[in-house]
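I opened the model today to look up a few things and write them down in order. The notes follow the structure as shown here.

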Amino acid sequence: MSQRMPLSNRLYMGLGFFFLYAPIVSLIVYSFNTSRLVTVWGGFSMHWYDKLIHDDDLLHAVGLSFKIAFLSATLALVLGTIAGLVMARFGRFKGSSLFAGLVTAPMVMPEVICGLSLLLLFVALQTGFGCTGDVPPTGWFVQAGCAAFGERGVITIWIGHTTLCLAYVAVMVQSRLREMDRSLEEAAMNLGCTPFKVFFVITIPVISQALLASWLLSFTLSLDDYVLTAFLSGPGSTTMPMWIFSSIKLGLSPEVNALATIVVAIVTVLVVVSNRLMISAQRKRERAIQAALAEG
Amino acid sequence: MMKRWLARFVPKGRTTVTAIPYSWLLVFFVLPFFFVLKISFSEPTIAKPPYTPLVQVTEDTKVTVSLNPAPYRTLTREVDEFATKPWTEARQDSQYLVAYWNAIKLALLTTILTLLIGYPIAYNIARSDDSTRNTLLMLVMIPFWTSFLLRVYAWIGILKDNGVINNILMSLGVIHEPISMLYTPFSVLLGMVYNYLPFMILPLYANLVKLDGRLLEAAEDLGSKPWPTFFQITLPLSRAGIIAGSMMVFIPAVGEYVIPSLLGGGEVVFIGNKLWEDYGVNLNWPQASAVAVVMLALLCGPIIWLHRFEQRRKEQEQ
Amino acid sequence: MAEPTQPAGAAADHAYLTIEGVTKAFGDFRAVDNVSLTIPRREIFALLGSSGSGKSTLLRMLAGMETPTEGKIILDGEDISALPTYRRPVNMMFQSYALFPHMTVEQNVGFGLKQDKVPKDEIADRVAKLLDLVQMRKLAKRKPHQLSGGQQQRTALARSLAKSPKLLLLDEPLGALDKKLRMETQLELVNVIQSVGVTCILVTHDQEEAMTMANRIAVMSEGKLVQVGGSHEIYEYPNCRFTAQFIGQTNLFEGTVVESAADHVVIDSVDFAQQIFVSHGITPTKGSRVWSSVRPERVGLSRTAPDSTYNWCQGTVHEIAYLGTHSVYHVKLANGRKVMAHVPTTHWGDETPVGPGEPVIVRWPNNANVVLTS
């Protein structure tokens with residue numbers, strides 16, 4: 001339907017988007033404020049950006065966040081794709097409903113519950129492996145266990161983020177697989193390809209766009225996560241959201257404005273660029289199809 | 001040589017493939033809940049970890065299981081207080097029940113408000129022509145991809161006593177003293193609606209965009225006016241989207257921590273905040289666990305109901 | 001449909017493909033019910049039926065994508081019933097073509113050979129030959145979305161022939177094409193298949209397609225085989241009312257046998273006064289209930305009654321559809337029954353054609369009756 005929206009609708013939409021963007025604009029404006037009191041205007045200044053770039057704690061936190069986000073998104077992609085495949089292609093089997101429920105539950109479960117429970121698990125593993133206490137661990141298995149779970153840090157955060165993100169990946173992959181033309185897979189098998197190989201040679205390339213989108217979504221979720229991370233991190237593993245949160249609580253906030261502006265700028269550029277790329281690719285495709293039809 | 005050949009995969013292959021994510025989820029999602037349950041019956045001590053073990057094996061291999069119901073008593077005691085003492089007094093003293101109530105109340109309000117605000121937005125986007133729709137979706141997605149912490153923080157700057165709104169109103173002479181907006185239920189609700197709006201818009205949009213415009217044209221052709229058409233055709237058909245969106249807002253909102261912490265500042269306390277307090281500040285892990293167990297029990301109903309609803313819908317679509 | 005080129009040697013009669021008592025049941029529902037067929041080498045065989053007749057399920061069982069609940073499939077002496085699709089020497093061309101969107105035409109066609117680990121230069125060679133055969137050589141580097149429907153179909157055909165399969169299966173090969181393109185493509189397809197010399201089974205709901213392309217046709221309904229034979233045989237000598245009505249159009253006159261001899265049969269008809277005279281003997285005995293099928297093109301119209309006592313009746317012209325080469329007349333009989341006649345435009349000569357509402361005599365020759373008992 002391509003009707004021009006009536007005035008009342010457009011007014012409403014305008015209001016809605018104003019509501020959505022006003023805080024963001026406010027953040028950006030005040031990032032250039034000289035005054036330490038964020039919202040009392042003292043004059044234009046890039047002072048906070050300068051401070052930001054030289055803040056080692058923050059830079060370390062940003063680096064860590066990116067590292068964890070990358071690891072989480074990748075592992076979540078692998079596990080989530082398998083889960084999505086099972087839900088879309090394996091039909092009904094014993095425990096399939098429970099499986100579907102388990103896979104999608106992290107999406108709605110409050111993070112405080114997930115965080116606390118995972119933490120308790122890791123602590124129990126710690127005691128189990130015997131990493132607490134003064135006696136150093138012996139044996140390679142115990143040492144490996146302690147290395148992984150002994151201290152709360154990158155690995156524990158990684159596990160938590162992956163569990164959360166794989167739910168989103170699974171849902172997106174499942175939906176894409178359901179839409180996909182099954183005869184492509186059948187044709188490949190008919191031509192001699194084993195089912196295992198078909199998945200890698202045919203299915204994955206066909207759903208590649210959905211895979212990329214879910215990786216990006218997982219990356220963003222991990223990068224931005226606070227609560228889960230707060231439970232699962234230890235000394236030395238401060239992530240960017242944790243830095244932001246404590247800065248806000250401590251009142252060291254103007255730097256946060258500067259950081260916010262940079263983040264908004266990067267996100268906007270990425271979203272717009274990827275959107276343009278997608279549209280031009282789509283147009284190219286449509287032109288090719290038209291040309292082929294004209295040829296006959 | 002394969003003797004019996006099943007649909008596509010050898011049965012062993014399928015089971016292995018299913019087992020990979022299944023075991024991950026069992027270990028890192030289901031198993032932890034049992035730990036929460038277990039620890040909720042434990043006693044806090046000064047030790048590492050700060051709780052006593054449930055099962056103790058003494059020297060002469062006697063096994064004692066000690067269940068400490070104290071964490072749950074804290075909660076049941078509060079319920080008793082409400083039953084016996086006058087309401088205002090009980091409310092003053094109560095910590096947990098008030099926190100639960102705040103969370104549920106504001107989560108419900110948030111769900112309703114995001115639905116009322118988000119539905120028209122989703123509807124308009126779904127009904128727009130392709131290029132407009134694309135731009136609008138992009139505009140909705142950008143805040144979504146921006147850090148939510150930062151966006152909540154932005155509201156602090158707007159709502160505080162020397163924040164944007166008060167500054168503008170004071171300089172215009174409308175008011176002479178700043179309006180206290182921050183650290184109130186209002187600011188928390190505002191933050192929640194703001195944060196959860198995209199989570200309501202997207203499922204609604206996904207559902208509305210599949211709505212066949214010709215159905216509405218047919219209704220119009222048969223003489224139905226816009227508003228009746230909406231209530232009799234569009235709304236019922238978007239039921240799935242409404243339920244999905246509502247659940248995706250309500251359930252996580254109940255357990256919300258960051259927004260009441262930053263925008264509630266101790267004045268508005270959610271159960272998520274109490275949980276963190278017990279865990280991180282008081283180091284009373286058993287208490288925190290008990291709080292979590294009760295929260296989970298409360299949310300069990302909606303979660304299972306949502307799951308069944310989604311399963312039924314998928315079956316119908318096939 | 002021309003007869004296939006005679007294969008050399010005694011292999012001509014050898015049952016290359018045997019389908020033995022194959023059934024596919026989903027719970028109580030039988031999609032394919034006890035079907036048995038033998039198909040010689042190099043034959044082009046059509047499974048013809050409407051949707052739900054079981055033809056596609058049977059095809060999928062031949063391809064290996066479904067397993068028969070009962071029965072066996074034997075190809076060139078080997079029992080392939082339990083072989084998974086990726087091990088069978090059978091290749092299928094899908095209705096939607098199922099071309100891999102992320103591969104070029106070349107890569108699509110060579111895909112099957114790649115799975116068999118054929119050396120690269122051999123693959124390139126074979127692909128080039130096949131693309132020449134279907135005239136797609138120039139478009140080898142294109143991707144499927146850059147091809148028209150006909151080009152996609154030729155690519156799909158080349159891909160299904162790449163591995164020189166023992167059996168080629170076509171699933172509604174012309175379903176996705178528009179009518180004009182369909183006729184040209186029908187003959188092209190048959191040429192390619194015959195020049196390659198592969199045994200072929202095609203599934204279709206379009207009887208024209210089946211009759212044009214196939215050597216023999218199997219008419220299917222509700223999972224069962226109704227009649228198997230060449231197009232001429234099925235059209236002229238249907239074995240039951242279903243086939244008679246499914247293939248082309250026909251008039252069915254119900255009646256009782258009053259006289260049955262070795263060289264003729266007389267039937268008392270329900271619909272009109274005159275009796276039906278059939279110029280050959282039939283199996284059913286006196287008193288049995290039968291139907292006579294008379295094709296509309298054998299039915300003639302005139303204003304005056306013929307001299308014969310048999311095979312004509314009186315009616316009124318109800319509707320006329322002028323189709324250029326001929327007109328279809330719907331004549332209403334006294335009891336309300338309608339008879340269809342295909343009358344060539346030249347039939348009336350100098351006479352004025354009979355118009356709607358006018359009385360008319362409908363008649364047909366003795367040998368136009370096909371007697372059916374079911």
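This is a predicted model: local features need pLDDT of at least 70, side-chain atom pairs count only at pLDDT 80 or more; totals for chains, interfaces and linings use all residues.

**Entry 1. Strand 8 of chain C**

I applied the cut-off to strand 8 (residues 199-204) of chain C. I found 6 of the 6 residues buried, so the strand is largely enclosed by the rest of the structure. I then asked myself which residues of strand 8 of chain C point one way and which the other. C:T199, C:I201 and C:V203 point one way, while C:C200, C:L202 and C:T204 point the other way. Both sets are buried.

**Entry 2. Neighbours of strand 8**

I looked up what pairs with strand 8 of chain C. Strand 3 (residues 44-48) of chain C pairs with strand 8 in the parallel sense, over 5 bridges. Within that pairing I noted C:L47, whose bridge partner in strand 8 is C:V203. Strand 7 (residues 167-171) of chain C also runs parallel to strand 8 and is joined to it by 5 bridges. There I noted that C:L168 stands opposite C:C200. I traced the chain from strand 7 through helix 5 (residues 179-196) to strand 8 of chain C, and this β-α-β crossover is right-handed.

**Entry 3. The antiparallel sheet**

I moved to an open sheet of 4 strands in chain C, which has the order 2-1-4-5 and antiparallel pairing. Which strands are at the edges? They are strand 2 (29-40) and strand 5 (78-79) of chain C, each of which pairs on one side only. I counted 8 bridges between strand 1 (residues 15-26) and strand 2 of chain C, in the antiparallel sense. One of the bridges I wrote down has C:A25 partnered with C:R30 in strand 2. Helix 1 (residues 55-63) of chain C lies across strand 1, strand 2 and strand 4 (70-75), and runs at about 60° to strand 2.

**Entry 4. C:N251**

I picked C:N251, which is in strand 11 (residues 251-260) of chain C. Is C:N251 buried or exposed? I count C:N251 as buried because it has 23 C-beta neighbours inside 10 Å. Leaving out residues up to four places away in sequence, C:N251 touches C:V294, C:P296, C:V299, C:V339 and C:M340. I also checked C:K332, which is 81 residues from C:N251 along the chain; their C-alpha atoms are separated by 12 Å.

**Entry 5. Chain C as a whole**

I recorded 8 helices and 20 strands for chain C. The C-alpha atoms of chain C fill a box of roughly 75 × 45 × 45 Å along the principal axes. Of the 374 residues in chain C, 40% are buried. Among contacts in chain C between residues at least 6 apart in sequence, 65% join residues at least 24 apart.

**Entry 6. Chain A**

I have chain A divided into domain 1 (22-54 + 253-296) and domain 2 (58-251). The centres of the two domains, taken over C-alpha atoms, are separated by 27 Å. I found 4 residues of domain 1 in contact with 5 residues of domain 2. The domain 1 side of that contact divides into 2 nonpolar, 1 polar and 1 charged residues. Last, I looked up chain A against chain B: 66 residues of chain A are in contact with 72 residues of chain B. On the chain A side I noted 50 nonpolar, 14 polar and 2 charged residues.

Conventions
Residues are numbered from 1 along each chain as its sequence is written. Chains are lettered from A and ligands numbered from 1 in the order in which they are written. Domain bounds come from an automatic or database domain assignment. Two residues are in contact if their C-beta atoms, placed from the backbone, lie within 7 Å. Ala, Val, Leu, Ile, Met, Phe, Trp, Tyr, Cys and Pro count as nonpolar, Asp, Glu, Lys and Arg as charged, and the others, Gly among them, as polar. Helices (H or I, at least four residues) and strands (E, at least two) are DSSP runs, numbered from the N terminus. A residue is buried if 20 or more other C-beta atoms lie within 10 Å of its own, exposed if 12 or fewer, and partly exposed in between; C-beta atoms are placed from the backbone. Two strands pair if DSSP finds at least two bridges between them. A crossover is right-handed if, with the strands pointing away from the viewer, the path from the first strand over the helix to the second runs clockwise. Axes are lines fitted to C-alpha atoms, for helices over the stretch in contact, and angles run from 0 to 180 degrees between N-to-C directions.
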